[in-house]
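Q: I would like to learn how to read a structure like this one, feature by feature. Where do we begin?

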Amino acid sequence: MSLADVCLGFILLGITAYAVLGSADFGAGFWDLTAGGARRGGRIRGMVERSMSPVWEANHVWLIFVLVILWTAFPVAFGSIFSTLSLPLFLAAIGIIFRGTAFALRGQAATIKEARVLGAVFALSSVLVPFFLGATIGGVASGRVPVGNAAGDLVTSWWNPTSVMAGLVAVLTGAFLAAVYMAGDSQRAELPDLVRAFRARALGAGVVTGVAAAVGLIVLRGDARSLYDSLTSGFCLSMVIVSGLGGLGTIALVWSERYGLARVTAAVAVAAIVVGWLVAQKPYILPPHLTIDQAKASHATLAAVVIGVAAGLVILVPSLWFLYRLVLQGRLDHEYEPLDQRFRL
Amino acid sequence: MNAAVFAQQVVETLGAPKQPDTVLARQMQAISLAVHIPIVCFGIAFPAMFLFVEGLYLRTRDKTYKALAKRWSKVSLILFAVGVVTGTILSFEFGLLWPNFMATFGQVFGIAFGLEGISFFVEAIFIAIYVYGWDRLSDRAHFLTGVPVVLSGFAGSFNVIAVNGWMNDPTGFNVVGGKVVDPRPWAALVNSNMWHELIHMYLAGYLVAGFIVAGVYAYAWTQGRRDHYHRTGLVVALSFAALAAPVQIIAGDWAGRTVAERQPVKLAAFEGLQQTTKGAPFSVGGLIEVPHMLSILAFHDPNATVQGLEIVPPRDRPPVTVVRVAFQTMIAIGTGLAALGAWFFLIWLRLRRMPRWPWFYRAVMAAGPLAYVALIAGWVTTEVGRQPWIVYKVMRTEQAVTSSSGLAVGYVVLLLVYAGLGAAVYWLLRRLTRRPATADVR
């Protein structure tokens, strides 16, 4: 295994962690958006707020982690991606500002009206950000990012069948994961009505996500044939199957109300598809324009990244473990309160 | 190794940009930094401040201290959230605005951001545990979870400043035939500019955050709220800022002398000095000329020769007026803040009471925004002073920019977004000052 492979492994780790953890925070925004009126949706929104608050910032850092490794270890790929896909990435960045700020401020709202405005901003941008990030990945995977300074098309590089499909699947996956996680959180908080609400949402979103993923494969066959061929043969095919089984297993576990284990299988489903995609792209980082070998930084840089990140992980892994242990043990949980109730005095 | 070693500029890795709006890209980056940097100041200084107050609580068991520490940590978490998103925009902008810079030099300086990413991660994890852990963890454990927040704030600044220092004094690579070869990332990380820039920025964090927080309580003071809670808030915040202020002058002097040595053209722009001059004067506010002063500032020698802008052709000079005005602004405000800090300590230590003159409190209220202005002026001094280079003497800013169209639209959108963000933060501060903090403590 070369140093470039290790760096690619870090990118894989980052994307997977962001897809498993970060996208669930966007998914929580999706359920916030669709929760209905202030009174009816107050209970759902209260749980969204309670579940997301302690973890969303740490989860978000995985995105930065991916960018940083990409621009250090594969700088030409980074420059090419960001200049060609400037539009979806700019829109995602704007969405990230709105999402984070509005969510942080909603906790300070004093009236239901303020909470509603901030909540709408938070929830809408929670849907847009994963769409644009998914569309970006779709643009790269379907071979629409050539090497160069904005060398690809400003619009069709991300507004194409593969990108749109990837964007939709990203939104749906987040919604599915969020519903699974929050069903578990609600169970821990002993709120049976919310367990039921999130269970139903998890089952619904799981089925829709599965169908969308299957449709996505068909779209890929027409739009990005070589990627489709790699995904449906050999190791990648097994990853696709693992992902599908993970999804089905999660649905089954949610059905039988075992949410702790469902977290794990859901994460496996997402991780498998990320691994499958990156391996299907090999040897390219920007298919079919730039191989990993052509894109990689020099030996000294790759070695520095590996040493730096490995040293960092020594600190990071126990820290993350500490945070998630506290969260999953419920030690950082606060009194559950429906969002609208705060304003009824 | 000095930047002058590079006999030639680099060739753009992704090809020469076709971009008529480079100035818009620069402004977008500048505005985004001006939004993010004050939040960084709070990231640097606020955790140390609330941890100090929590320490007071643990020693005295006085609930007032707990209420204050809790309130500050909650504000800190919200500001951290805003910092997370505005910092994300910066990392996106590196690629969106400067793809050629990243593609050409990412392998040289990128590792610093890798380490910064790790620090940022640790900060995000522990600030969440700290704030959500109030009354949930044991007193001692809770206090200890605050320590990594302070340390990772410092580590994060260290790494980001390392990159900025490197842009001003690029080392750790060679240029052969216009290509960057043989990158030595660790050498790039520890460059000659880093230490003084780091200390200067770190102290600026304490000045900005300390004076802004102190200003809030000074306002309360003028409104007659002078109880133990408000008094503690004022004294602690003011003490942090007032301690940093005089040290900042020393750090600034250090920074100035390094610039004189490594970037003489930038130093000449500080004063608008055209000709190379022995015993160069410095004009205060463009009005009063102090003889030999620039030589003293730059080299601690009244008769030292200061190189003028003439040493390079006009196309290699920064926009002098902007740099000069920014530099003077920073010096003037910095001096004023040090005087204000000295005033406070004199009264506090000699008379063991707060100053009584109402103008003192008005000055403290003004000091926060002024410290912010000085902060931005300082960054304008060093960053506009670096122009026309993005990597000093190696890559021009216009070589680094994106070829993507639509910068003007992006510019307007970004301005609107930041205006909204500003309104939201203002709304938040008003909201917070209206709610009694003692409500937070059981």
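A: Begin with contact: two residues are in contact if their C-beta atoms, placed from the backbone, lie within 7 Å. Leaving aside neighbours within four places in sequence, Phe98(A) is in contact with Val121(A) and Ser125(A). This is a predicted model, in which local features need pLDDT of at least 70 and side-chain atom pairs count only at pLDDT 80 or more, while totals for chains, interfaces and linings use all residues. Residues are numbered from 1 along each chain as its sequence is written, and chains are lettered from A and ligands numbered from 1 in the order in which they are written.

Q: Which helix holds Phe98(A)?

A: Helices (H or I, at least four residues) and strands (E, at least two) are DSSP runs, numbered from the N terminus. Phe98(A) lies in helix 5 (residues 86-106) of chain A. Phe98(A) and Leu118(A) are 20 residues apart in sequence, and their C-alpha atoms are 9.1 Å apart in space.

Q: Does Phe98(A) count as buried or exposed?

A: A residue is buried if 20 or more other C-beta atoms lie within 10 Å of its own, exposed if 12 or fewer, and partly exposed in between; C-beta atoms are placed from the backbone. Phe98(A) has 22 C-beta neighbours inside 10 Å, so it counts as buried.

Q: What do the totals say about chain A?

A: Chain A has 13 helices and two strands. Its radius of gyration is 20 Å, close to the 20 Å that the globule rule gives for 345 residues, so chain A is as compact as a globular protein of that length. That radius is taken over C-alpha atoms, and the globule rule is 2.2 Å times the number of residues to the power 0.38. Of the 345 residues of chain A, 63% count as buried. Among contacts in chain A with a separation of 6 or more, 79% join residues 24 or more positions apart.

Q: How many residues of chain B are in contact with chain A?

A: 57 residues of chain B are in contact with 56 residues of chain A. On the chain B side, the elements that give two or more residues are helix 2 (63-97), helix 3 (99-132), helix 5 (185-189) and helix 13 (407-434). The largest share, 21 residues, comes from helix 3 of chain B. The chain B side divides into 36 nonpolar, 18 polar and three charged residues. Here Ala, Val, Leu, Ile, Met, Phe, Trp, Tyr, Cys and Pro count as nonpolar, Asp, Glu, Lys and Arg as charged, and the others, Gly among them, as polar.

Q: What is Pro75(A) in contact with?

A: Beyond neighbours within four places in sequence, Pro75(A) is in contact with Ala297(A), Met102(B), Ala103(B), Gly106(B), Gln107(B) and Gly110(B). Pro75(A) lies in helix 4 (residues 75-84) of chain A. Pro75(A) is buried, with 29 other C-beta atoms within 10 Å.

Q: How do I read a pair of helices?

A: Two packed helices are described by the angle between their axes and the distance between the axes. Axes are lines fitted to C-alpha atoms, for helices over the stretch in contact, and angles run from 0 to 180 degrees between N-to-C directions. In chain B, the axes of helix 6 (residues 194-222) and helix 11 (residues 358-384) come within 8 Å and cross at roughly 150 degrees. Helix 6 and helix 11 of chain B are therefore roughly antiparallel to each other. Angles under 35 degrees count as roughly parallel, over 145 as roughly antiparallel, 65 to 115 as roughly perpendicular and the rest as oblique.

Q: Which residues of helix 6 and helix 11 of chain B meet?

A: Those in helix 6 of chain B include Leu207(B), Phe211(B) and Trp221(B), and those in helix 11 of chain B include Tyr361(B), Met365(B) and Leu375(B). The residues of this contact divide into 17 nonpolar, four polar and no charged.
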